[in-house]
Protein chains: 2
Amino acid sequence: MLPSSTVENYLKALHQAEASMGNETLVPMGQLANAVGVAPGTATTMVKALAESGLVEYEPYVGVRLSSAGTRLATLVLRRHRLIEQFLVEVMGMSWADVHEDAEQLEHVVSDRLVERMDAMLGHPAVDPHGDPIPTADGALADPDYHSLLTCPLSTPVTVTRVTDQNSSFLRFLEAQELKPGQSIEVENRNSAADSVQVLAGERRVTIGTNAASKVLIEIL
Amino acid sequence: MLPSSTVENYLKALHQAEASMGNETLVPMGQLANAVGVAPGTATTMVKALAESGLVEYEPYVGVRLSSAGTRLATLVLRRHRLIEQFLVEVMGMSWADVHEDAEQLEHVVSDRLVERMDAMLGHPAVDPHGDPIPTADGALADPDYHSLLTCPLSTPVTVTRVTDQNSSFLRFLEAQELKPGQSIEVENRNSAADSVQVLAGERRVTIGTNAASKVLIEIL
DNA sequence: AGCTATATTTTGAATAGTCAAAACAAAACT
DNA sequence: AGTTTTGTTTTGACTATTCAAAATATAGCT
C-alpha cells in the first residue's frame, strides 16, 4: 500500500515538527493539525490511521511521533522535495524564492527513475538551494546544528549556509541583501531591546529582526 | 473550481476517443469507461457531473462529447503531457519508450510557470518524441491526417513522423528496427492474407502486422 | 480540592471517487 | 411481434478525507 499525498504530507509535517522541537518529545496534535492545515479532529482521525499502519506512535491526549518506518518514508519525501528544488534552480533556471510551491506538488508524483536521474544530473548534491541537506537514497540525513545570525560570534567572518524559511518574499529580501547561502558576512552587533541584529553583507549594513535572524544559519570560517 | 486529476483524465480520454472516432459521433459510455479504466456505472456518474459543470454534452443511452470548454481543458492537459514527454527525452535523457508513464503523473501537477519554462527551454517544439503535435498555450492543436504504413504508396521513400501507441515494448521494438520518427523508410508490399506489411528500414527488411502498421504514421517526401 | 481555560477526541455529516450487482433500454435476431 | 444480447443506468455500499460542533480530558490557577 503506497502512501497517498495526504499521508506523505502528514509524515513530512511530523518530521519537520520533530526536528524543530527537542527530539524525544511527542508532537502535540494541535501543532500537527496546524502544520498540515486541517481541523484538529481531522488530525486525530488521520493519526489513528497512521498508527494502525505502523507509521507513527500515538499517545492519546499527549501527541505523536514517527515510527522508524514513518521516518524512513518522511525522509524519502524530503529527498524528493529537495532534489526537485535543486533541479528547478540549477537546470530550469528558476529562482530559489519560487521553487518551494512547485516542489511541494511534484514531490508526490515523481518516479524513482526520475528522482535518481535528477540526482545524477546534479552531481549528487548535498544540499538544496536553501542549504537544506538532501537525504541519500537509503534515507540517511545529515543534519549538523549550525549557528544562526542570533547565536554566532560578533565581528567574525561567517558564511551563510542555510535558510530555514520558505516564504518567498523573505527569500527575495535575503537575496537582495546579499544574504543567500554561500555569501560571506559578519554580524556587527545585536540589540535585544530593539529585537534586532545588524549585519555587514557585502558593502551593505542590514538590520533585521531577531526572528528573521534566527532563520539564517551560518558557518564560522 | 480547478479540475481534479480524475476529471482531467476523463476529459483527456474523451478527447482521444473523439479524435480516433469519426467526429460528430458521440463517444459511447462503455468505451469511455474502458479508456479511463473504471466500471461502466462509474463513468455514467462522472459524466453526469461533468455535464453539470458544462464540460461535456451527454445524451443518456447514446454517448458523450466534449463541450468547447471541455475541449479547451483537454487540450491544455495534452499540451502539458506532450511538453513533459519532450522535456524528459531532450533534457533528462530518458528513452522515448519510457516517458509516457511519468508524463501521465506529472501532467496533473506542473504549474503554468513550469510548463512555459520547459516550452522555452525546448525552443517551442511542435511535436513530442512520438511525433504527436503539441498544442499551443492558447489551445490550438494542429492535427494533420497522415498516411500510415497501411495506406501509403508502395516502394516510395517516406518518413516516419508519428507513432500513435504508447506501449513501451512496441516503442522499443520500433526503435530497434529503425522505425522511429524522423527515419526514412519504404513500404515494399502488403499481404492482406497474412495480415502483414513489409518495410525496408535502413538496411533491414522488417515485417509487421497490419495493426502495428496502422500505428506508424508517415509523410511522403 | 474545585473551577476554569485549553487542548483533544468523538460524533455526525459531507464530498469525491469508486465498485458490484440489479434494473432497464436499445438493438439485433429470429 | 417476441425474445435474446448487449450496453447503460440505478442502487446501495464502501474508502479516504475533510469539517463543525459537542463531549471530554488535562493542565493551570485559585
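Tyr61(A) sits in the loop that joins β1 (56-59) to β2 (63-66) in chain A; strands here are DSSP runs of E of at least two residues, helices are runs of H or I of at least four, and both are numbered from the N terminus. This is a predicted model, in which local features need pLDDT of at least 70 and side-chain atom pairs count only at pLDDT 80 or more, while totals for chains, interfaces and linings use all residues. Residues are numbered from 1 along each chain as its sequence is written, chains are lettered from A and ligands numbered from 1 in the order in which they are written, and side-chain values use heavy atoms, without hydrogens and water.

Tyr61(A) is not a glycine, yet its phi is positive, about 70 degrees. Most residues other than glycine have a negative phi. Tyr61(A) counts as exposed because its relative accessibility is 88% (exposed is over 50%, with a 1.4 Å probe and protein chains only).

I turn now to the DNA. Which residues are closest to DNA strand D? They are Ser4(A), Thr42(A), Gly30(B), Lys48(B) and Tyr58(B), among 17 surrounding residues, where near means a heavy atom within 4 Å.

One lies 2.7 Å from a polar backbone atom of Gly30(B), and a phosphate oxygen is 2.9 Å from a side-chain N or O atom of Thr44(B). For Tyr61(B), a polar backbone atom is 2.8 Å from a phosphate oxygen.

Finally, α3(B) provides the largest share of this surface, 4 residues.

Definitions and conventions: Buried < 20%, exposed > 50% of the residue type's maximum accessible area, 1.4 Å probe, protein only. Polar contact = N/O pair within 3.5 Å; in protein donor to acceptor, adjacent residues only side chain to side chain.
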